Amino acid sequence: MTRVALVTGGTRGIGAAISIALDQAGYRVAATYVGNETEARSFQDRTGIPTYRWDIRDYQACKDGIARVEADVGPIDVLVNNAGITRDGMFHRITPEDWNMVIGTNLNGLFNMTHPVWPGMRERSFGRIINISSINGQKGQLGQANYSAAKAGDIGFTKALAQEGAAKGITVNAVCPGYIGTEMVRAIPEKVLKEHILPQIPVGRLGEPEEIARCVVFLASDEAGFITGSTLTANGGQYLA
Ligand code: CAA
């Protein structure tokens, strides 16, 4: 049986690596994006993975988008809640808009995407929900009160939902990446990255998106059915949760 996986923010960065790794592991994969049409088109041409555009901050858009994916690709067995954004700034400078954008995407997005797929997973007695949280949801990060709050919320959501899904064959897990070499991390001022962040990573380098993708493939597998409510940390030893 070929399982179907949906990856939010699945055309760039860590999400693209996850979509590709699941595709290579034999899943039928669909990937969502919201803004970067050019990149999404190039990803689809390169990989053959279908892409869908909607904003995960919008519940109805998620319901409609998921219905389209299920009609095209099949019922969703694996949902990877990967899409995430930053609006970094010292707390005294962040605006209500910075707060709401980040909470809307990185936390509310998990509700909006998971709620529509949950009844089908319950009916079919199988599901895998994998939430991409962050080291900064575990430890907190200066300049990221919004992001850290949302990512910590993702872990609470994971633990609560895991208890509800367990009797129905649905596992819910979180992956907490550390600093991975993507556009999001490259947006950090170079001086901050060199002076404050890299020296805190014992393995001495940024992570690779593929290193996170391998965690997801593992948690998505049928064989990982006994693992639920867990947080899989991949951060080069930067924070030992
Ligand atoms: N640890 C300790 N001190 C830090 C620091 C850090 N990580 N980052 C900045 N500082 C210090 C600066 O050196 C500076 O101190 P001095 O004035 O004594 O030099 C002070 O804090 C203010 O910093 P800035 O001058 O940079 O202030 P700013 O207002 O221009 O920018 C900021 C603030 C936007 C938060 C910027 O510092 C920044 O981008 N920091 C990095 C935040 C971060 O780690 N974001 C992660 C993005 S990647 C991601 O989110 C993916 C993931 O899941 C890991």
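Biologist: Which residues come nearest to the ligand?

Modeller: This is a predicted model, so take what I say as computed from it. Of the 21 residues around the ligand, the nearest are Asp88, Arg93, Ser134, Tyr147 and Tyr179.

Biologist: What does the side chain of aspartate 88 have to do with a nitrogen atom of the ligand?

Modeller: An N or O atom of the aspartate 88 side chain sits 2.8 Å from that nitrogen. Arginine 93 has a polar side-chain atom 2.7 Å from a ligand oxygen. Serine 134 also takes part, with an N or O atom of its side chain 2.6 Å from an oxygen atom of the ligand.

Biologist: And how much of the ligand's accessible area does the protein cover?

Modeller: On its own the ligand has 1,000 Å² of accessible area, and the protein covers 66% of that.

Biologist: Which helices each supply at least two residues of the shell?

Modeller: Those are helix 5 (135-139), helix 7 (183-186) and helix 8 (190-197). Helix 8 gives the largest share, three residues.

Biologist: How do the shell residues divide into nonpolar, polar and charged?

Modeller: There are 11 nonpolar residues, eight polar ones and two charged ones.

Biologist: Which residues sit on each side of strand 6?

Modeller: One side has Ile170, Val172, Ala174 and Cys176, and the other has Thr171, Asn173, Val175 and Pro177. Both faces are covered. As background, side chains in a regular strand alternate between the two faces of the sheet.

Biologist: What joins strand 5 to strand 6?

Modeller: Six bridges do, and strand 5 (residues 127-132) runs parallel to strand 6.

Biologist: How many bridges join strand 6 to strand 7?

Modeller: Four, with strand 6 and strand 7 (residues 231-234) running parallel. Here valine 175 has leucine 232 of strand 7 as its bridge partner.

Biologist: What about strand 1, which way do its residues point?

Modeller: In strand 1 (residues 4-7), Val4 and Leu6 point one way while Ala5 and Val7 point the other way, and all are buried. Strand 1 is joined to strand 2 (residues 28-33) by four bridges, and the two run parallel. You can find valine 7 opposite alanine 31 of strand 2.

Biologist: New topic: where does threonine 105 lie?

Modeller: Threonine 105 is part of helix 4 (residues 96-124). With a relative accessible area of 8%, threonine 105 is buried, because the cut-off for buried is under 20%.

Biologist: What does the threonine 105 side chain reach?

Modeller: The backbone oxygen of methionine 101, at 2.9 Å. Leaving out residues up to four places away in sequence, threonine 105 touches Ile56, Arg57, Ala83, Gly84, Ile85 and Leu110.

Biologist: Last one: what is phi for serine 125?

Modeller: Phi is near 55 degrees there, a positive value in a residue other than glycine. For context, most residues other than glycine have a negative phi.

Biologist: Where is serine 125 found?

Modeller: Serine 125 is in the loop between helix 4 and strand 5. Serine 125 counts as partly exposed, at 46% relative accessibility.

Note on methods: Residues numbered from 1 in each chain as written. Predicted model: local features only at pLDDT ≥ 70, side-chain atom pairs only at ≥ 80, totals over all residues. Heavy atoms only, no water. Near = heavy atom within 4 Å. Polar contact = N/O pair within 3.5 Å; in protein donor to acceptor, adjacent residues only side chain to side chain. Areas by Shrake-Rupley, 256 points an atom, 1.4 Å probe, with all protein chains shown as cover. Nonpolar A, V, L, I, M, F, W, Y, C, P; charged D, E, K, R; others polar. Buried < 20%, exposed > 50% of the residue type's maximum accessible area, 1.4 Å probe, protein only. Contact = heavy atoms within 4.5 Å. Pairing = 2+ DSSP bridges.
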